[in-house]
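Visitor: Could you walk me through this one? I would like to start with the overall picture and then go into a few details.

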Amino acid sequence: MENTYIARQPIVDKEEKIFAYELLYRDAQKHSDIENGRYASVSVITNVLNKFGIKKLLGGRKAFVKVDEKFLMSDMILTIPKEFFIFSLLDTIVMHERAIERVEQLHHKGYELCLNDTEYSFENFKRFESVLEYFTYAKINITKYADSAEAKQLIARVQAYNVQMIGTRIEEKEQRDAAVILGCEYFQGYFFAKPNIVENKKFEPNQFAVMKLYRLLMQDEDIEVIATEFEKSYAISVQLLRFINSGAFSFRNKISSINQVMVLVGRKPLAQWLMLMIYSKSVSKTDELSPVMLLVKSRTELMEAILKIIEPKTTAECLSEAYFVGVLSLIDTIFEVPLQDILSQLNVSDRIADAILKDEGILGEIYALIRHIELFHTKAIEAFALKYGITHQKIDEVILKSIENVNDFEDSAHQK
């Protein structure tokens, strides 16, 4: 049976809050969507509804799925729940009379429609102008049209129909800025995980203190040593006390010391709280968890889970190292300092540094695999699975479980 993959990529708003996901279908032989568009659309939606589950995969958000002409004209499309899916119509669809009627029908039934990465030319615009009033969104490939005067004119005409623009293929801050200039309200791509490096910028004292505490917790340092480090930072200690009184914990006895807090809360919950401080408070302008925070959470989940599959008898120390690789993998995004400098200042082990900087060792191989998963490089995923004798189904389970855990993590953060 042919291996298939379901992948999700976040779409964020101007405040970098996750607005929705795009669900993509991948097979094991190709790096792009399979040629049979109708099969791809049906596979994505069927997998979400039957195999993965909407809540597990989407976490309460909507998903964009690509639709070709065959699927558009099929009665199957009317069975898809409009509460969860947004149809991205491919620009290969011929807008004949029946297609126009179907677009109008979907709109009146409450479905949201998107024009998927169309060619922004006046000739192409004329093909879709008759149905633009029924669309909610339109996507534009920023790498192709950022400097196009014609595209700017056409976007203005599209927006006149109250269509919201989504900039795609955005990997750098400059591309995000170009998308804003073009009038985009939403953005797709991993630009939020790209650091804006400022040479010679130093850690703020509190930032370094948080990272030092995190490292001590994950390395099973003596609890007295960690408590002493907490007490050296008044600001962190105060925030810790606020955290445990936020409703996340319920203790019978009154708290009398930082040492007592550590014993009652536990090392891993404290380490995760410190990770939350590092990423969400440093990046997000709102109370929402930032996409960077959620990406780090996903990476830590996958680092541990995949290491357990490859080395079932791995030690707690090795799992701690795997988790730490995930945490540190995006730390330069937060501190705006070259990653090598951060790792040096934190005095991390060569094993961890080589994994992050060079993809070396088993931790480095797993870290590289995780980036392939994020970028939907299915051939690289298959090669890793073949090397370590891991079934496609097992990788599928691990990826789904990490998505589920990230969604639960986000939900629990909102409840605090």
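Predicted model: local features only at pLDDT ≥ 70, side-chain atom pairs only at ≥ 80, totals over all residues.

Visitor: How many helices and strands are in the chain?
Guide: The chain has 21 helices and 8 strands, and of its 416 residues 54% are buried.

Visitor: And the accessible surface, what does that come to?
Guide: The accessible surface of the chain comes to about 19,600 Å², and carbon and sulfur atoms account for 48% of that area.

Visitor: Let's take strand S7. Is S7 mostly covered or mostly open, and which residues does it span?

Guide: Strand S7 covers residues 164-168 and is mostly covered, with 4 of its 5 residues buried.

Visitor: Which strands pair with S7?
Guide: Strand S6, residues 137-141, runs parallel to S7 and is joined to it by 5 bridges, while strand S8, residues 186-188, pairs with S7 in the parallel sense over 2 bridges.

Visitor: What sits with S7 and S8 in the β-α-β unit, and what is its hand?
Guide: Helix H8, residues 173-182, makes up the unit together with S7 and S8, and the unit is right-handed.

Visitor: Switching to rings, how many aromatic pairs does the search find?
Guide: The search of the whole structure finds 10 aromatic pairs. In one of them, Phe 64 and Tyr 137 have ring centres 5.4 Å apart and planes at 65 degrees, so this pair is edge-to-face. Phe 64 lies in strand S3 (residues 63-67) and Tyr 137 in strand S6, so the pair ties together parts that are 73 residues apart in sequence. Phe 64 and Tyr 137 are both buried.

Visitor: Why is the pair of Tyr 137 and Tyr 186 called edge-to-face?
Guide: The ring planes of Tyr 137 and Tyr 186 stand at 75 degrees, with the centres 6.2 Å apart, so that pair is edge-to-face. It links distant parts of the chain, as Tyr 137 is in strand S6 and Tyr 186 in strand S8, 49 residues apart. Both Tyr 137 and Tyr 186 are buried.

Visitor: Which residues do the ring pairs link into a cluster?
Guide: The cluster consists of Phe 19, Phe 64, Tyr 137 and Tyr 186.

Visitor: Now charges. How many salt bridges are there?
Guide: The structure holds 14 salt bridges. One of them is between Arg 102 and Asp 75, with the closest N and O atoms 3.5 Å apart. That pair links distant parts of the chain, with Arg 102 in helix H4 (residues 97-108) and Asp 75 in the loop between helix H3 (69-73) and strand S4 (85-90), 27 residues apart.

Visitor: Are Arg 102 and Asp 75 buried or exposed?
Guide: Arg 102 has 9% relative accessibility and therefore counts as buried, whereas Asp 75, at 56%, counts as exposed.

Visitor: How far apart are the closest N and O atoms of Arg 299 and Glu 374?
Guide: In that salt bridge the closest N and O atoms are 2.8 Å apart. Arg 299 lies in helix H14 (residues 291-310) and Glu 374 in helix H19 (residues 361-375), so the pair ties together parts that are 75 residues apart in sequence. Both Arg 299 and Glu 374 are buried.

Terms used:
Residues numbered from 1 in each chain as written. Heavy atoms only, no water. Buried < 20%, exposed > 50% of the residue type's maximum accessible area, 1.4 Å probe, protein only. Pairing = 2+ DSSP bridges. Right-handed = clockwise from strand over helix to strand, strands pointing away. Salt bridge = Lys/Arg side-chain N within 4 Å of Asp/Glu carboxyl O. Areas by Shrake-Rupley, 256 points an atom, 1.4 Å probe, with all protein chains shown as cover. Phe/Tyr/Trp six-rings, centres within 6.5 Å; stacked < 30°, edge-to-face > 60°.
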